[in-house]
Amino acid sequence: MAEYIIENECLKVTIASRGCEIISVVNKSNGREYIWNGSPEAWKRHAPVLFPLVGRYRDDESIYNGRSYHMTQHGFARDMEFSLVSKTDSEIKMSLTQTKETKIKYPFNFCLTLGYRLSGNNLIASYDVLNTSDTDMYFSIGGHPAFAAPLDSKDTEGRVTAAGCEMLFEAKNKKQFLEYGLLNSEGLFIGESHKLQLEGGRVSITPEFFDADAYIVENSQFNSVSLLYRGKKFVTVEFDAPVFGIWSPAHKNVPFVCIEPWYGRCDRADFNKQLKDREWGNELSPQESFFREYKMIFS
């Protein structure tokens, strides 16, 4: 695994070739680290890219053209080595294509190019998916960045924790609540049956906030989610994704929160397993491409 650094006057960013994953974002003026350190007792990752699956297939199985394929949660890209495409001081692109091993799990040929570029205190992540198969291709893709709480956000025992921070949800039209679905014990979607009341778009994170696991928010309800401490934003994620997740490990009260823009999500518990029928999935014709970006703003 190689590591690459991009930087500008504001930020220094480290990206690993394994998964083309952001592993560090440092504020150059004060040395503050914004990305979770990957300590395995809480969560071993930093900011994986989820491809070609967001979430989980029902029984880890999809069916395409009458054939069964097995793939585990969030797909394989996050654990594979990417090849460097291009790099400047403030921008990098890396790519991944199918292998004999991926074709066992996923029947398509593809070229996935991931990019990161800096502009002031913004880090823009990009996804470019090209279908190099001679058939239509079905996939999901999404981000899973884990943002570290400020070091002075501590509980009564002196441990750094995200509890005590707030989240701010912003949309074109002001909303008084966030409607969300949850996962069952198998990691499958169980619907939009819950509402989270917002006060001025905000909600406080408590030690129990994530005990029910991920909050899954559909239908483009918001396009900006911020984390705040003592009333001030320290990271904002802006996106056009139709679905996003908010997650931190259940019952652990850890010092990070994931804000996850998704183009796709996990199956419902009663889903028919047909790959082409997945909710929020994406379809590409041969040689067609899919390009999306989202922005992380650090302050």
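User: Let's start with Phe51: buried or exposed?
Analyst: Phe51 counts as buried, at 0% relative accessibility. Buried means under 20% relative accessible area, exposed over 50% and partly exposed in between, with a 1.4 Å probe and protein chains only. Bear in mind that this is a predicted model, where local features need pLDDT of at least 70, side-chain atom pairs count only at pLDDT 80 or more, and totals for chains, interfaces and linings use all residues. Residues are numbered from 1 along each chain as its sequence is written, and side-chain values use heavy atoms, with hydrogens and water left out.

User: Good to know. How many aromatic pairs are in the whole structure?
Analyst: The search finds 27 aromatic pairs. Rings of Phe, Tyr and Trp (its six-membered ring) pair if their centres lie within 6.5 Å; planes under 30 degrees apart count as stacked, over 60 as edge-to-face and the rest as tilted.

User: And what is the geometry of Phe51 with Tyr106?
Analyst: That pair is edge-to-face, because the ring centres are 6.4 Å apart and the planes stand at 70°. Phe51 is in the loop between strand 4 (49-50) and strand 5 (61-64), while Tyr106 is in the loop between helix 1 (100-105) and strand 9, so the pair ties together parts 55 residues apart in sequence. Helices (H or I, at least four residues) and strands (E, at least two) are DSSP runs, numbered from the N terminus. Tyr106 is buried too, with a relative accessible area of 1%.

User: What about Phe51 and Phe139?
Analyst: Those two are tilted, since their centres lie 6.1 Å apart with the planes at 50°. Phe139 belongs to strand 11 (residues 137-139), so this pair ties together parts that are 88 residues apart in sequence. Both Phe51 and Phe139 are buried.

User: Which residues do ring pairs link into a cluster?
Analyst: Phe51, Tyr64, Phe76, Tyr106, Phe108, Phe110, Tyr138, Phe139, Tyr263 and Phe290. Phe290 also has Arg292 over its face, at 4.2 Å from the ring centre. A charge sits over a ring if NZ of Lys or CZ of Arg is within 6 Å of the ring centre and within 35 degrees of the ring normal.

User: Switching topic: which residues have the most contacts inside the largest nonpolar core?
Analyst: Tyr116, Leu123, Ile141 and Phe169, in a core of 76 residues. Its largest share, five residues, comes from strand 9 (residues 110-119). Apart from it lies another core of 17 residues, among them Val54 and Trp262. A nonpolar core is a set of buried Ala, Val, Leu, Ile, Met, Phe, Trp, Tyr and Cys residues joined through side-chain atoms within 4.5 Å.

User: Now the start of the chain. Where is Ile5?
Analyst: Ile5 is in strand 1, and its bridge partner in strand 2 is Thr14. At 36% relative accessibility, Ile5 counts as partly exposed. Leaving out residues up to four places away in sequence, Ile5 touches Lys12, Val13, Thr14, Lys87 and Asp89, where contact means heavy atoms within 4.5 Å.

User: How do strand 1 and strand 2 pair?
Analyst: In the antiparallel sense, over five bridges, and they form a hairpin with three residues between them. Two strands pair if DSSP finds at least two bridges between them.

User: What sheet are they in, and in what order?
Analyst: An open sheet of three strands, antiparallel, in the order 1-2-3. Strand 1 (3-7) and strand 3 (21-27) are at the edges with a single partner strand each, so one side of each is left without a neighbour in the sheet.
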